[in-house]
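Visitor: I am new to reading protein models. Could you walk me through one, feature by feature?

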Amino acid sequence: MNDADKGAAKPGRLLRFLNSIETAGNKLPDPVTLFIISIAIVMVLSAILAGHGTSAINPATGEAVAAVSLFDAAQIRRLFVELPLILTSFPPLGIVLVVIIGSGLAERAGFFAAALKGLVRAVPKPLMTLTIVFAGVQANIASDAGYVVLIPLAAVVFASSGRHPVAGLSAAFAGVAGGFAANFAITPGDGILSGMTQAAAQLIDKSYTVEITANWYFLAAIVPVYVIVGTLVCEWIVEPRLNAGAKWVPVAPPPLDVDQDRREARGLRFAGVGFLLVLALVALLAWEPGSPLRGDDGSFDPLFKSMVAIMFLVFLACGIGYGVGAGSIKSDKDAVVLAGKGVGEISAYLVLVFFASVFVALFGWSHMGSLLAISGAETLKSAGLEGAPVILLVAVILLAMGCDLLIGSASAKWAILSPILVPMLMLLGIAPEATQAAYRVGDSTTN
């Protein structure tokens with residue numbers, strides 16, 4: 001190898017920096033292990049703080065908050081007695097289990113994959129990149145279907161149109177990973193994070209509730225931002241660079257399976273009927289004042305609080321409709337098996353939730369969350385940041401971005417960060433929902 005080749009082979013500063021991050025991230029233990037370590041740290045710190053008589057005044061209630069040692073006999077007894085309740089009362093758990101029964105069935109029946117393929121194939125070529133990025137952003141409603149189906153499909157669609165397949169792959173990946181926070185629909189992720197945010201907010205205000213729809217307006221509004229930016233980056237930067245590089249050999253796309261396409265089209269029609277039936281049912285239950293999904297004062301509050309149940313019904317109806325139409329569901333037993341497989345796929349998440357719920361509970365019992373929030377809020381006030389919500393929310397975004405380079409799981413990071421960030425910013429007048437939205441922006445874009 002000559003000197004020029006050696007110089008060309010030497011990675012640049014950015015690549016060396018990213019390599020160092022990857023090395024550090026790979027050395028981190030599993031998120032479950034991180035929670036176990038965090039539980040041990042919280043227990044030790046609680047004993048130290050309680051031994052020093054650490055306390056503070058909650059400015060929201062005026063009550064004194066004192067550190068509690070988790071090694072006290074009463075707290076150890078409480079942990080052993082309430083351990084099952086800690087898990088079952090963890091806010092995200094019930095939401096996830098209800099939604100995943102419906103969405104798991106829909107995914108296993110093939111509905112999400114067929115809908116993504118149908119969307120990408122139906123658009124005209126000038127809108128191909130935009131549609132693929134949009135489909136990627138919307139794909140987070142379908143768990144891993146975006147990664148598994150859309151990314152390779154986008155490469156095939158680009159190649160069959162004479163465009164560089166890696167450009168299609170990158171466009172899909174930008175939508176699926178980078179736009180993970182945004183969506184026009186409410187997703188299981190909304191339920192997971194809003195539950196954790198509520199638990200954190202209740203460290204300051206025990207009656208505070210965070211709805212699953214808390215960030216919906218914001219996340220729907222930023223869908224066009226992600227789609228437009230992703231499209232422009234792909235068409236103006238990524239694809240020209242790829243075309244200027246090494247020549248790629250066009251490969252003929254795989255032959256279309258006419259029978260499969262016909263089954264998928266029929267299944268999508270049946271799924272559309274199922275969706276319309278659920279829509280009609282919800283409209284019937286919420287149309288008139290005094291209806292089941294209207295409040296006593298005529299408000300739509302019960303309707304908004306029923307979003308988890310509505311999501312469950314939508315996924316269930318679309319999944320069963322598609323499965324019957326496409327032939328992947330031939331009996332009630334098939335539907336139950338598919339729903340069970342969907343729940344089975346989150347078994348690792350349930351293990352994570354168990355240790356996360358114990359960590360959050362112990363953090364609350366020790367009062368460390370409240371003490372950190374109060375002291376942190378006082379520090380930020382003394383720095384003159386009380387009236388600077390934009391700066392504080394940008395700081396949350398940057399913190400989420402930094403953590404995301406090392407820990408990929410959005411729920412694992414938020415379970416650790418929310419008990420500190422949410423109550424601290426609440427005391428500075430920033431709503432928990434806003435803090436959660438800032439976290440989601442930082443977490444998704446860094447993907």
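Guide: Start with one residue. Glycine 325 is found in helix 15. Helices here are DSSP runs of H or I with at least four residues, numbered from the N terminus; strands are E runs of at least two. This is a predicted model, where local features need pLDDT of at least 70 and side-chain atom pairs count only at pLDDT 80 or more, while totals for chains, interfaces and linings use all residues. Residues are numbered from 1 along each chain as its sequence is written, and side-chain values use heavy atoms, with hydrogens and water left out.

Visitor: Why does glycine 325 count as buried?

Guide: Burial is read from relative accessible area. Buried means under 20%, exposed means over 50%, and partly exposed lies in between, with a 1.4 Å probe and protein chains only. Glycine 325 counts as buried because its relative accessibility is 6%.

Visitor: Which residues is glycine 325 in contact with, leaving aside its neighbours within four places in sequence?

Guide: Contact means heavy atoms within 4.5 Å. For glycine 325, the partners are Arg263, Arg266, Gly267 and Phe270, once neighbours within four places are set aside. Now take alanine 326, also placed in helix 15. Alanine 326 is in contact with Arg263 and Gly267, again leaving aside neighbours within four places. Its relative accessible area is 13%, so alanine 326 is buried.

Visitor: How do I check the length of a helix?

Guide: The expected span is 1.5 Å times one less than the number of residues. Helix 3 covers residues 31-51, and its 21 residues should span 30 Å; the end C-alpha atoms are 30 Å apart, so the two agree. Helix 4, residues 73-88, has 16 residues and reaches 23 Å, close to the 22 Å expected.

Visitor: Where in helix 4 does a kink lie?

Guide: The bend at a residue is the angle between axes fitted to the seven residues ending there and the seven starting there. In helix 4, a kink of about 65° lies at glutamate 82, shortly before proline 84.

Visitor: How do I read the inward side of a helix?

Guide: An α-helix has 3.6 residues a turn, so residues three or four places apart point the same way. In helix 4, the buried residues include Gln75, Leu79 and Ile86. Helix 17 (347-365) is among the elements that cover them. In helix 3, the buried residues include Leu34, Phe35, Ser38 and Val42. The buried residues of helix 3 pack against helix 17, helix 18 (368-382) and helix 20 (410-426).

Visitor: What is a nonpolar core?

Guide: In soluble globular proteins, nonpolar side chains tend to be buried together. A core is a set of buried Ala, Val, Leu, Ile, Met, Phe, Trp, Tyr and Cys residues joined through side-chain atoms within 4.5 Å. Here the largest core has 58 residues; Phe35 and Phe359 are among those with the most contacts inside it. Helix 17 gives the most to this core, with 11 residues. Apart from this core lies another, of 30 residues, including Ala106 and Met311. As for phenylalanine 35, its contacts include Leu352, Phe359 and Ile416, not counting residues up to four places away.

Visitor: How many cavities of 30 Å³ or more does the structure hold?

Guide: Rolling a probe the size of a water molecule over the atoms shows where empty space is left. On a 1 Å grid over the protein atoms alone, a cavity is a set of points where a 1.4 Å probe fits but cannot get out; lining residues have an atom within 4 Å of a point. Points are joined across faces, edges and corners, and a volume is the space filled by probe spheres set on them. The structure holds 2 cavities of 30 Å³ or more.

Terms used:
1 Å grid on protein atoms, 1.4 Å probe; cavity = no way out; pocket = protein on both sides within 12 Å on 5 of 7 lines; lining within 4 Å.
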